[in-house]
Amino acid sequence: MRQVYLDNAATTMVHKEVIETMNEYYGNLYGNPSSIYDFGQTAKKAINTARETISSVINANPDEVYFTGGGSESDNWAIKGVMAANSKKGNHIITTKIEHHAVLHTCEYLAKNGYEVTYLDVDSDGLISLKELEEAIKENTVLISIMFANNEIGTIQSVKEIGEIAKKHGVLFHTDAVQAFGHVPIDVKEMNIDLLSASAHKIHGPKGVGMLYIRKGVRIDNLIHGGAQESKKRAGTENVPGICGFGKAAEIALETMNDKMITISTLRDKFLKEIPERIENVKLNGHPTQRLPGNVNFSFEFIEGESLLLYLDMEGIAASSGSACTSGALDPSHVLMAIGLPHEIAHGSLRLSLSEFNTEEDVDYTIEKLIGVVDRLRQMSPLYTRRK
Amino acid sequence: MYTEKVMDHFKNPRNVGEIEDANGVGQVGNAKCGDIMKIFLKIDDKDMIEDVKFLTFGCGSAIASSSMATELIKGKHIDEAVTLTNKAVIEALGGLPKVKVHCSVLAEQAVKSALYDYAQKSGKVIAGIEDYKPDEDVHDHDDEQL
């Protein structure tokens, strides 16, 4: 059976070159970067090469990139670390209702411990209001944490404008760029970004490695205490193979970004055009144009997302849904709620996320199967008026 | 995540559809929670369930629970059908994940709701649902038991 992987926002296939690079550092070059002999120094050089490549993806300086155990750790560190180090300035954080749980739950944790958090609303396309953002800034505001692009609906925020507002008011700006890094152009200088989280496994790199960009001069406390690794900011022997794999993946992402943005968004647009043409009662979620090249998100009325995923899986198609049933929660995704979807429409959402490994045939196959699966579930649904 | 039995009833659900001349129809759940079940009963003059069909909006386990519940009551006398419990549905499915137990509760309630409708229409008394209130929200997620 044909296998179509359309869940690249969850994780991606690791590039062959990345695996080759990683194998070298699992194999012969296994030294500890903290050791002074050649074994160690070879590993140290390798992670610094990776640091340089990764910094160039976002136009940062290499010494502003700190490796972590992944995107969630980066988000936790950015928020907790900045709030702790700047307590004299204040205790207020501004974020949004559509952040990843790594940001939302960190903010909720801080709120329980006496911090003040403002959660900005988003419009039906998933965009925050810049006016509301500016109005939310107070004397005691330390940090704005707003994601670059949303993992579920793909909406890309007006990051440069957010950076300008933050700079104007002397507030630090962190962005969770896990879905955007290596996929769309990011320039931390031009966009006035002070902190940025990224992850390797969303760009065909390994799992368990990420990075936090911290602009030089930003005050931040350490999250992991211990040895002197990562300029004494993040202790623990470096994940050398992971970091080198991340570096290789970033190198490929940077080299091919412009081409891939075109090829992947062409496939995306085929979905965006053909699904509403060929299936009735569907709704596009997320911004129609200001969205990630690989993100497709539709709600199919009268049916439920988990059933849809399981039937698609039977056809070899791997996708994702914001339905409550897929997460074990009772409410559907907080993102779909925040863009104003009624519960029953949110329950019927489907996210298809593309990568460079997808083809036009994948898209055609998926649309054909989707038509059948949606119809089959609708025929079973008491909400659907059956047409004989 | 699901047992083979659940997947079998999900992939090939039994008794899907409507019965046009049904004499007992029940619907429970709500779209807000993400699952609705509607059960149609055709009960003969000896109070035997001659035919049963269902329509379900919901996840894999909701569809499988509906399918299994209809199988368990098909051909049964209404007095026996009314004793169907969510536990019996879970057992017949070889188990459900804990977060999906409410699907089996919904299936039990959908059967009771349809039988209640039959009792109302036919003027019969079915032991076990005299106190059944179809308008109450039976979809209480806190009221679930394994």
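# Close-up views of a predicted two-chain model

**View 1. The largest nonpolar core has 79 residues, and A:V82, A:L143, A:L195 and A:Y213 touch the most other members.** The model shown here and in the other views is a predicted one. Helix α7 (residues 240–278) of chain A gives this core its largest share, eight residues. Around A:L143, with neighbours within four places in sequence left aside, the contacts are A:I79, A:V82, A:M83, A:I93, A:V171, A:L172 and A:H174. Another core lies apart from this one and has 71 residues, among them A:V296, B:F54, B:A81 and B:V101. In soluble globular proteins, nonpolar side chains tend to be buried together.

**View 2. Seven strands of chain A make an open sheet of mixed pairing.** The strand order is β2-β8-β7-β6-β5-β3-β4. The edge positions belong to β2 (65–68) and β4 (116–120) of chain A; each has a single partner strand, so one side of each is left without a neighbour in the sheet. On average, and ignoring direction, neighbouring strands of this sheet are turned by 20° against each other. Within the sheet, β7 (residues 195–199) and β8 (residues 210–214) of chain A run antiparallel and are joined by five bridges. One bridge partner pair is A:S197 with A:L212, the latter in β8(A). Helix α3 (residues 71–85) of chain A lies across β2, β3 (92–96), β5 (141–145), β6 (172–176), β7 and β8 of that chain. The helix runs at about 160° to β7(A).

**View 3. A:G70 sits in the loop between β2 and α3 of chain A.** A:G70 counts as buried because it has 22 C-beta neighbours inside 10 Å, the cut-off for a buried residue being 20 or more. Not counting residues up to four places away in sequence, A:G70 touches A:S199, A:G208, A:V209 and A:G210. A:H15 is 55 residues from A:G70 in sequence, with a C-alpha to C-alpha distance of 18 Å.

**View 4. Chain B holds five helices and three strands.** Read from the N terminus, its elements follow the pattern α-β-β-β-α-α-α-α. The radius of gyration of chain B is 14 Å, close to the 15 Å that the globule rule gives for 146 residues, so the chain is as compact as a globular protein of that length. The C-alpha trace of chain B spans about 45 × 30 × 25 Å along its principal axes. Buried residues make up 48% of the 146 in chain B. Among contacts in chain B with a separation of 6 or more, 62% are between residues 24 or more positions apart.

**View 5. The three strands of chain B form an open antiparallel sheet in the order β1-β2-β3.** Both β1 (24–30) and β3 of chain B are at the edges with a single partner strand each, so one side of each is left without a neighbour in the sheet. Neighbouring strands here are turned by 10° against each other on average, direction ignored. Helix α2(B) lies across β2 and β3 of chain B and runs at about 175° to β3(B). Across β1 and β2 of chain B lies helix α5 (residues 101–122) of chain B, at about 145° to β1(B).

**View 6. β2(B) and β3(B) form a hairpin with five residues between them.** In the turn, B:D47 has a positive phi of about 65°. The two strands pair in the antiparallel sense over eight bridges. Two residues of β3(B) illustrate the pairing: B:T56 is the bridge partner of B:M37, and B:I49 is the bridge partner of B:I43. β3(B) is mostly covered, with seven of its nine residues buried.

**View 7. The contact between the chains takes 19 residues from chain A and 20 residues from chain B.** On the side of chain B that touches chain A, at least two residues each are supplied by α1 (4–11), β2 (35–43), β3 (49–57) and α2 (60–73) of chain B. The largest share of that side comes from β3(B), with three residues. By class, the side of chain B that touches chain A has 11 nonpolar, six polar and three charged residues.

Conventions:
Residues numbered from 1 in each chain as written. Chains lettered and ligands numbered in written order. Predicted model: local features only at pLDDT ≥ 70, side-chain atom pairs only at ≥ 80, totals over all residues. Contact = placed C-beta atoms within 7 Å. Helix = DSSP H or I, 4+ residues; strand = E, 2+ residues; numbered from the N terminus. Nonpolar A, V, L, I, M, F, W, Y, C, P; charged D, E, K, R; others polar. Pairing = 2+ DSSP bridges. Axes fitted to C-alpha atoms, helices over the stretch in contact; angles between N-to-C directions. Buried ≥ 20, exposed ≤ 12 C-beta atoms within 10 Å, placed from the backbone. Core = buried A, V, L, I, M, F, W, Y, C linked by C-beta atoms within 7 Å. Rg over C-alpha atoms; globule rule 2.2 N^0.38 Å.
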